[in-house]
Amino acid sequence: MEQNVYPYILVMAGVTYLIRMLPMVLFKREIQSTYVKSFLYYVPYACLASMTFPAILTATGSIISAVVGFGAAVLAACKEKSLLTVALIACAAVFITERVLQFVV
Amino acid sequence: MNRTTDRKQEFRSGLKDGIPIALGYFAVSFTFGIKAVDGGLSIWQAVLISLTNLTSAGQFAGLDIIIAMGSYWEMALTQLVINLRYCLMSFSLSQKLRRDVPWVHRFFVSFGVTDEIFGVSASREGKVHPFYSYGAMCVAVPGWTLGTLVGGFFGSILPEFILSALSVAIYGMFLAVIIPPARKEKAVRFVVIGAMAVSTLFAVVPFLKKVSSGFVIIITTLLVAGAAAYLAPIKEE
């Protein structure tokens, strides 16, 4: 896959930079449309949610540990822990569940 | 006012605010390095992606497309939709940047528009100096890039059960971003649950299963965020 990867990286980096750069360089006025503003406000939530679920269920060694990890992350996030803490709690939950499963199954 | 001391001070406070960001980045981009090398990329390709993209969600989605050898259009569209939030952040930061500094700084400041760097910049009182952004970027970018390097390097040495546990880190971080506002705002809650439901449909319905992961994210985001913006427009301040 050596040769084919670089054009992908170029497209990725190029598009991502343009999205960040163009609004800052070109526009100095504020967006007026309520619909566009609302849409942009909801985009990160819709996007992150669709990336997380159901993908998280197949990320680990077994679906049981994935469900426990998901549950632990949701609980920790509800308590408003920091990003790093929630990530580590999810990892720990998966780790412990898989150790327990080893003995049970 | 002395311009040089001004710059130094701004740069220093940027560095300080960048440290916790860099630590968080390291852990997440570590798993990106593991996943990229696991998917067949070289360590240096993974590091190059992190250095040039500086974004978590976009990189993970982009990696899936590279591994699946999707089309460049799919890649461009996926990055556009996933990173569309940066557009809004750049708009917002563009109003907050100091006007007495040369315009050319905007080309460099915009490279560092991430959720976290934008977050600390937006919470600053008054206008933001470009050197504040540079300070934050000076620790956050190495944190993000080195994490990928270390992850790519040790990923092949780490045993399976460690990798299995680490692979949920990125999802944990995403949940930490979306759940607190979802608890506070009904519309965001609707968006989060709606998006999870729609992407689940794409994973289980036989015909929809054929749609590749990048397009699932695009379609779900456009559909759910579009509906939410129509049904629950945000209130003007």
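Predicted model: local features only at pLDDT ≥ 70, side-chain atom pairs only at ≥ 80, totals over all residues.
View 1. Chain B is divided into domain 1, residues 3–166, and domain 2, residues 185–231. The C-alpha centres of these two domains of chain B lie 25 Å apart. Their contact draws 10 residues from domain 1 of chain B and 8 residues from domain 2 of chain B.

**View 2. The side of domain 1 of chain B that touches domain 2 of chain B.** Two elements give two or more residues to this side of domain 1: helix H3 (56–67) and helix H4 (72–82) of chain B. H4(B) gives the most, with 5 residues. By class, this side of domain 1 of chain B has 6 nonpolar, 2 polar and 2 charged residues.

**View 3. Packing of helix H1 against helix H8 in chain B.** Two packed helices are described by the angle between their axes and the distance between the axes. Helix H1 of chain B spans residues 3–38, and helix H8 of chain B spans residues 130–154. They pack at an angle of about 20 degrees, and their axes are 5 Å apart. Angles under 35 degrees count as roughly parallel, so H1(B) is roughly parallel to H8(B).

**View 4. Handedness and residue classes where H1(B) meets H8(B).** H1(B) and H8(B) form a right-handed crossing. The residues of their contact comprise 27 nonpolar, 13 polar and 4 charged.

Terms used: Residues numbered from 1 in each chain as written. Chains lettered and ligands numbered in written order. Domains from an automatic or database assignment. Contact = placed C-beta atoms within 7 Å. Helix = DSSP H or I, 4+ residues; strand = E, 2+ residues; numbered from the N terminus. Nonpolar A, V, L, I, M, F, W, Y, C, P; charged D, E, K, R; others polar. Axes fitted to C-alpha atoms, helices over the stretch in contact; angles between N-to-C directions. Parallel < 35°, antiparallel > 145°, perpendicular 65-115°, else oblique. Left-handed = near helix turned anticlockwise from the far one by under 90°.
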